[in-house]
Amino acid sequence: MRSNRFLRACRREPVDCAPVWLMRQAGRYLPEYRALRQKYDFLTMARTPELATEVTLMPVDRVGVDAAILFADILLPLDALGLGLTFVQGEGPVIARPIRSEGDLAGLPPFEPHQDLGYVLETIRLVRRELDGKVPLIGFAGAPFTLASYAVEGGPSRQYRHCKRMMWEAPQLWHALMDRLAEITLAYLRAQIEAGAQAVQLFDSWAGALSPQDYRQHVLPYSRRVLRGLQDTGVPVIHFAGQTSGYLELIREAGGDVIGLDWRVDIGEARRRLGPDVAVQGNLDPLVLLAPPPVIEAQVAHLLERAGTLQGLPGHVVNLGHGVLPDTPVEHVAAMVEAVHRLSRRAGGGTEGS
Ligand code: CP3
């Protein structure tokens, strides 16, 4: 394997240098991706295993990351449930038939990952074959709250009005919906692992819209069910919940071997709050990659220092605090990856796992 340092860092084992990958690394900042997108729309690419495989592999050699992430989308299960997913230019994802009532929920068909998202599982098998052990493959799914935010609001949202009304005014419906989404997400991630995903990430991108109390009462039990339900697989699980630095302790309580951090929290402080039993992932501001390479390098050096990575503390997977932006120059991404490897080399206490 060119690099198993990603899996080692997830397990808090010593590494030859810090591993790095980027959320949304398989996407629009890559000219090769944009060229392919001229020919196919996004959903066609995600649903065609040969195309999805090609995109998954694009950043691996191009920017030298230590893990591949499956090219797919967190919203594919909602599409499989018949909610009607489209991507509208300039608006983002749109759900044609949002879930707002008991009747909407009761009307959802059963979900079976092999039958309903077999193309994703086929992509995983193809990618594993193509990677041939070069770097590990990360699978992923949306966490119940972030999925609910799209399923209930009908698209992107700033205030999550329909979700919050449902939580507070129709709690039974909310809990029944979250129950269903947790069950679907767990089945889907287990199927991805069975197909060959070597780590998985649970994306709770919009969890930070909630107060700690609402997170604890209306969301945590469902994320925890998914995260606990993966424990027996032995595969590292990354739990990323955006804008939750106010209640990181609850994110940790929900579970995950690795806690993903956004850039609004000092990574050293986050590590102290999370304790020694979890690894961390993150947490550069994605905007840093628009700055010139010397600025990127200085930010990487600061990150590695603050995280304890330079001092040999294991369990740091370097990443951004959210997805790479479409207008990011590819050379800047490559410069970041190179800086992470060079500046952290031999930190972490060993030469194993190179
Ligand atoms: O990380 C990767 O490179 C793997 C693939 C991946 C995509 N989406 C591909 C994609 C992953 C892991 C996601 C996760 C995802 N999708 C999240 C959670 C992560 C996050 O960013 O918070 C969310 C909230 C979504 C929902 C979604 N899908 C949005 C908001 C968008 C952007 C819509 C737009 O028009 O800008 C998508 C579309 C999408 N998903 C694209 C890609 C490469 C862009 C599609 C295109 O080419 O137009």
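This is a predicted model: local features need pLDDT of at least 70, side-chain atom pairs count only at pLDDT 80 or more; totals for chains, interfaces and linings use all residues.
Q: Which residues around the ligand are the closest?
A: A residue is counted as near if one of its heavy atoms lies within 4 Å of the molecule. That gives 25 residues around the ligand, and the closest of them are Arg24, Tyr33, Asp73, Ser205 and His322.

Q: How much of the ligand's exposed area does the protein bury?
A: Start with the polar contacts, meaning pairs of N or O atoms within 3.5 Å. Ligand oxygens sit 2.9 Å from a side-chain N or O of arginine 28, 2.7 Å from one of arginine 37, and 2.6 Å from one of histidine 322. With areas from the Shrake-Rupley method and a 1.4 Å probe, the ligand taken alone exposes 880 Å², and the share buried by the protein is 89%.

Q: Which pocket is the space taken by the ligand?
A: Pockets are found on a 1 Å grid over the protein atoms alone, as open sets with protein on both sides within 12 Å along at least five of seven lines, and lining residues have an atom within 4 Å of a point. A molecule sits in one if more than half of its atoms lie within 2 Å of its grid points. By that test, the ligand's space is the largest pocket.

Q: Which elements give two or more residues to the shell around the ligand?
A: Elements here are DSSP runs numbered from the N terminus: helices (H or I) of at least four residues and strands (E) of at least two. Two or more shell residues come from helix H2 (31-39) and strand E3 (92-95).

Q: Which element gives the most to the lining of the largest pocket?
A: This pocket has a volume of about 1500 Å³, where volume is the space filled by probe spheres set on the grid points. Its lining has 48 residues, with Arg24, Arg28, Asp73, Phe87 and Pro93 closest to the centre. Elements giving two or more are H2, helix H3 (42-47), strand E2 (85-88), E3 and helix H9 (144-153). The top contributor, with four residues, is H9.

Q: Where does the largest share of the lining of the second largest pocket come from?
A: About 280 Å³ of space lies in this pocket. Among its 15 lining residues, Leu227, Gln231, Gly255, Gly256 and Asp257 lie nearest the centre. Helix H13 (220-228) and helix H14 (248-254) are the elements that each give two or more. The largest share, three residues, comes from H14.

Q: Which strand holds asparagine 283?
A: A cis peptide bond, with omega about -5°, joins glycine 282 to asparagine 283. Asparagine 283 has its place in residues 279-284, strand E8.

Note on methods
Residues are numbered from 1 along each chain as its sequence is written. Side-chain values use heavy atoms; hydrogens and water are left out. A polar contact is a pair of N or O atoms within 3.5 Å; within protein, one must be able to donate a hydrogen and the other to accept it, and residues adjacent in sequence count only if both atoms are side-chain atoms. On a 1 Å grid over the protein atoms alone, a cavity is a set of points where a 1.4 Å probe fits but cannot get out, and a pocket is an open set with protein on both sides within 12 Å along at least five of seven lines; lining residues have an atom within 4 Å of a point.
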